[in-house]
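Keep the structure open while you read.

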Amino acid sequence: MVPCVYCDVLHDKLQDAAMRTYVADRFYCVRYDRQGKQTLHDFNGAERTERDTSFAHRVLGTPTLEFRTAELREPMRAQGFLGFNLL
């Protein structure tokens with residue numbers, strides 16, 4: 001399996017403590033693996049693989065940032081690498 005370079009950058013290099021705290025205090029953080037074979041339970045209790053869960057949630061590309069409230073509502077989603085200047 002080929003790792004997603006942009007996902008690695010997002011998770012490893014973009015570490016703004018204030019932003020991470022803000023998001024963690026308000027949303028569930030969901031990390032989808034479109035190639036994953038591990039079984040998990042979805043928000044609605046359905047048991048399926050990571051790959052099938054990604055498709056069920058319309059994750060078309062990576063990285064996809066999906067923000068969910070405690071009520072499981074999805075107020076915002078950002079798909080694709082947002083072009084952060086890392087240099």
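## An aromatic pair

Rings of Phe, Tyr and Trp (for Trp, its six-membered ring) count as a pair if their centres lie within 6.5 Å; planes under 30 degrees apart are stacked, over 60 edge-to-face, and the rest tilted. By that rule, the structure holds one aromatic pair. Phenylalanine 27 and phenylalanine 67 have ring centres 5.3 Å apart and planes at 65°, so this pair is edge-to-face. The two partners come from distant parts of the chain, 40 residues apart: phenylalanine 27 is in the loop between helix H2 (17-26) and strand E1 (28-29), and phenylalanine 67 is in strand E4.

As for cover, buried means under 20% relative accessible area, exposed over 50%, and partly exposed in between (1.4 Å probe, protein chains only). Phenylalanine 67 is buried at 16%, while phenylalanine 27 is partly exposed at 23%.

## What you're looking at

This is a predicted model, where local features need pLDDT of at least 70 and side-chain atom pairs count only at pLDDT 80 or more, while totals for chains, interfaces and linings use all residues. Residues are numbered from 1 along each chain as its sequence is written, and side-chain values use heavy atoms, with hydrogens and water left out.

The protein has three helices and five strands, in the order α-α-β-β-β-α-β-β from the N terminus. Those elements are DSSP runs numbered from the N terminus: helices (H or I) of at least four residues, strands (E) of at least two. Of the 87 residues, 23% are buried. The accessible surface comes to about 6,500 Å², and carbon and sulfur atoms account for 54% of that (Shrake-Rupley method, 1.4 Å probe; for residues, only the protein chains shown count as cover).

## Salt bridges

Side chains of opposite charge can pair when their charged atoms come close. Here a salt bridge means a side-chain nitrogen of Lys or Arg within 4 Å of a carboxyl oxygen of Asp or Glu. The structure holds six of them.

Glu66, Arg68, Glu74 and Arg77 are linked in a salt-bridge network. In it, glutamate 66 pairs with arginine 77, with the closest N and O atoms 2.7 Å apart. Glutamate 66 lies in strand E4 and arginine 77 in strand E5, so the pair ties together parts eleven residues apart in sequence. Glutamate 66 is buried at 3%, but arginine 77 is partly exposed at 22%. Glutamate 74 bridges to arginine 68, with 3.6 Å between the closest N and O atoms.

Aspartate 42 sits in the loop between strand E2 (39-41) and strand E3 (47-49), and is buried at 10%. Its side chain meets that of arginine 48 in a salt bridge (2.6 Å, N to O), and arginine 48 is partly exposed at 23%.

Which residues does aspartate 42 touch, not counting those up to four places away in sequence? They are Arg48, Thr53 and His57, where contact means heavy atoms within 4.5 Å. Histidine 57 is in the loop between helix H3 (50-56) and strand E4 (64-68), and is buried at 9%. Leaving aside neighbours within four places in sequence, histidine 57 contacts Tyr32, Asp42, Phe43, Glu66, Arg68 and Arg77. That list includes Glu66, Arg68 and Arg77, which also belong to the salt-bridge network.
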